[in-house]
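Please read the following report with the sequence and the structure side by side, and look up each residue as it is named.

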Amino acid sequence: MRIAVIDDGIEPSLCPSLQLEYDLCVTEDGRVVEREGQIRTDHGTTSARIILKYAPTASLCSIQVFCTDELKTSIGQLLAALEWCRREKIPLIHLSLGSTLWTDYEPLRRATAKLLRNGQIVVAAHSNSSAYTVPACLMGVLGVMTDSCLKGDSCYTRKAGWEQIQIYASSRHMLEAGRGSVTETQISNSYAAPLITARVHEILCERAEEGWTVAKIYRRLAGQGSMMFCMRPDFIEDAVLFQAGEYGPYQELFFFSVKERVSSLDALREAVRHDPYAPVVLIPSGSQKVDREACRYCQEACRLGFLYAGVSPTGAADECGLFWNERQYREFLIDAKPEAEERFAEDTARLLVEGEGPFALSAAVKLQQRFQKEDYPCMIVSDEPFAYLYGMEYLPDGADAEEFAKNTAALRQAFVVIYCLGNRDGMEGPAYDFKISVGESVDMEIEENRIRLPESFGDREWENLYQYILAYEPDVPHHGGYEERILEGGNTGRKIPQTAQK
């Protein structure tokens, strides 16, 4: 079975048992071509050797995206490598790399969701720092961290905490170093992930006809009854939307694309039979019987998984694929223990957007997009029903908005927080730097940090508003343009990865 190793290349002379099917590189302009350049470090080669140690029959496809000693590349090159894997239908993709920039979340989420929808499996290393890492932290990706107490082929799983990782593995592997000597690999997430890739390869090869899904593979690694879960339903893309009731979410704000909309159980069954890997989004119909039957059918028939937009009327059966609903989300928030201090970074900017209906939500999204266009990591905290369908950080009933925002801002490394809150039933509101009221004025009105907006607002006015906020809050840190963003192998931050040092 083929495994794509996306890294800095694999040196065949150091892998005697290697079956190298492809030896490619991604150019700066995103073309995937035969590799001609030099392999600068042993990072990818060591990852490949670990895979082959535990999965000796694997056939590897090497895709070089790092061409410097610092193991840095662009988001565009990584996306091109993932797209090549999708087109070539590579069943298993290994990444000992990732991005800790929140602004890279959406393009990597979409690319990974398309792979999952194609029935492909992605294994990715978490950053060696505590920073949220994509794609390792995405729901549906087998994200891996190391445990320094483990050796050899040892690994274990646990419920996801705020670090969003559920798989822990040894990164201490004994590899031949020539002339009969043996060396042990360094403790790094980069060298823990290859062990899991090898484990997955062996599972997939064990019973090829099994029809393995990422959820089944995780349960095989973790034991029966264990499930993958993350704060966000990242795997939803090109979805089947089931909405039998009259009222529902604002579909124009969905963070994902919808392939097909159905309104009856028969139509849902037909859509899933036709495309079993399509993720399904179930909107409550108002009928417990209809919703229960829809959930049970998705548990049985959806190969990838589904989302119930609310508290599901059924539990998640053992055979279920990926499954997201508000009950699990609330349980996660109760059980998870934030590792970060409960305080905002000194230069975090906080905006409060008020208004009725979709107008305030749209205003918050437009502001977020404008900040992220300039690479300011920006998140939206909202208690609006179905806020998670809009790509927002969902604040459930009874949760403290400011405490929740501190934890999620630390997780996402957000420098701008936008609150979009409804009636909090007497709960004290969060502190903010700007208050933006939508729909309270015919024209834009500004009184220092209080801004009133009409519901109809053009691009020029949005740009003026953004520039005003930026000028009023000059200390918001700036992180360069899109082309300057980098990804790093070894996942050790801005320095040369420990795993790449000689």
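## Charges over rings

In this predicted model, the charged end of Arg269 is placed over the ring of Tyr297, at 6.0 Å from the centre of that ring.

## Aromatic pairs

A search through the whole structure finds 18 aromatic pairs. One of them is formed by Tyr156 and Tyr168, whose ring centres are 5.4 Å apart and whose planes meet at 10 degrees, so the pair is stacked. Because Tyr156 belongs to strand S10 and Tyr168 to strand S11, the pair ties together parts that are 12 residues apart in sequence. Tyr156 is partly exposed, with 28% relative accessibility, whereas Tyr168 counts as buried at 5%.

How are the rings of Phe371 and Tyr466 arranged, stacked or edge-to-face? Their centres are 5.2 Å apart and their planes stand at 75 degrees, so this pair is edge-to-face. Phe371 lies in helix H9 (residues 357-373) and Tyr466 in helix H11 (residues 459-472), so the pair ties together parts that are 95 residues apart in sequence. Phe371 is buried, with a relative accessible area of 2%, and Tyr466 also counts as buried, at 2% relative accessibility. Elsewhere, one aromatic cluster is formed by Trp162, Phe229, Trp324, Tyr329, Phe332, Tyr388 and Tyr394.

## Backbone details in loops

Gln164 is found in the loop between strand S10 (155-157) and strand S11 (167-169), and with 4% relative accessibility it counts as buried. Asp238, by contrast, is partly exposed, with a relative accessible area of 26%, and its place is in the loop between helix H5 (214-222) and strand S14 (239-243).

Another backbone detail is the cis peptide bond that joins Val134 and Pro135, with omega at about 10 degrees. Pro135 is located in the loop between strand S8 (121-125) and strand S9 (142-146).

## Helix H1

Helix H1 covers residues 43-54, and its 12 residues reach 18 Å from the first C-alpha to the last, which is close to the 16 Å expected at 1.5 Å a residue. Because 10 of these 12 residues are buried, H1 is largely enclosed by the rest of the structure. Among the buried residues of H1 are His43, Gly44, Ile50, Ile51, Leu52 and Tyr54.

Conventions: Residues numbered from 1 in each chain as written. Predicted model: local features only at pLDDT ≥ 70, side-chain atom pairs only at ≥ 80, totals over all residues. Heavy atoms only, no water. Helix = DSSP H or I, 4+ residues; strand = E, 2+ residues; numbered from the N terminus. Expected span 1.5 Å × (residues − 1). Buried < 20%, exposed > 50% of the residue type's maximum accessible area, 1.4 Å probe, protein only. Phe/Tyr/Trp six-rings, centres within 6.5 Å; stacked < 30°, edge-to-face > 60°. Lys NZ or Arg CZ within 6 Å of the ring centre and 35° of its normal.
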